[in-house]
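Please open the model in the viewer and keep the selection tool at hand.

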Amino acid sequence: MRFQTDKTEVVALENVSVDIQKGEFVSLLGPSGCGKTTLLRIMADLIQPTSGEIKVAGKSAKEARLAQKYGIVFQSPVLYDWRKVKENISLPLEMTGVKKGERESRVDELLQLVGLTNFQDKYPWQLSGGMQQRVAIARALAMEPEILLMDEPFSALDEFSRERLNEELLSIWSKVKNTVVFVTHSIPEAIFLSDRVFVLSPHPGRLAAVVDIPIPRPRKQEIRQSKEFYQLISGIRNIFEGV
């Protein structure tokens, strides 16, 4: 992926080739500016690559987007302050013409899934940052997408809230079982969440390594204190030092 500026051409991504399996949870890990979000946006068909292609089950990213195979969670929850929690979650269903009774039933399921049933009539500004992101996750799952793309959704939260939401996200994923591509610059977060971690080098972004995470599921916070967890952190840090 190349971007043309007034004075020069910037190479954001170069020679990146990955295969992601159905139902897999993978993270795109790297420092700021390495092209993680750019790669995610290409996957989502929000921008077009300068060269190369994205295939989703043999079809183009555009075909996948039009078939509503994607749910996207951004770094900011991007909720409508004038709509209650249940109305924010319901928005994609309204926009696609789902009937009211079916919408309400689906929203009830999603509220229960993300643990916000008691907050359905609150407005976003009445919720904590973590709760707002849970609303955003529920909204992204409203159309039952096969693929959930997440762009550093917890980076603005404090460490304690972030770790708690990591665990809650895995609980949600264990029930939904869709494919997740998660962008992060946190090595512990990537290890805790993922089946595999795609390590991107600093600018321009290249695929430096693919790291398998053999830690069994389900995962709880206690694994962060294990020898295996620290060894994985050390291994990935060594990869960054070598690129």
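Select Arg134, Arg164 and Glu168: a network of salt bridges links these residues, a salt bridge being a side-chain nitrogen of Lys or Arg within 4 Å of a carboxyl oxygen of Asp or Glu. This is a predicted model, in which local features need pLDDT of at least 70 and side-chain atom pairs count only at pLDDT 80 or more, while totals for chains, interfaces and linings use all residues. Residues are numbered from 1 along each chain as its sequence is written, and side-chain values use heavy atoms, with hydrogens and water left out.

Arg134 belongs to helix 5 and Glu168 to helix 6, so the pair ties together parts 34 residues apart in sequence. Arg134 is buried, at 13% relative accessible area, whereas Glu168 is partly exposed, at 24% (buried means under 20%, exposed over 50%, partly exposed in between, with a 1.4 Å probe and protein chains only).

Next, select Glu189 and Arg162, which form a salt bridge with the closest N and O atoms 2.8 Å apart. Glu189 lies in helix 7 (residues 187-193) and Arg162 in helix 6, 27 residues apart; helices are DSSP runs of H or I with at least four residues, strands runs of E with at least two, numbered from the N terminus. Both Glu189 and Arg162 are buried.

Finally, select Arg217 and Asp195, a salt bridge with the closest N and O atoms 3.0 Å apart. Arg217 is partly exposed, with a relative accessible area of 30%.
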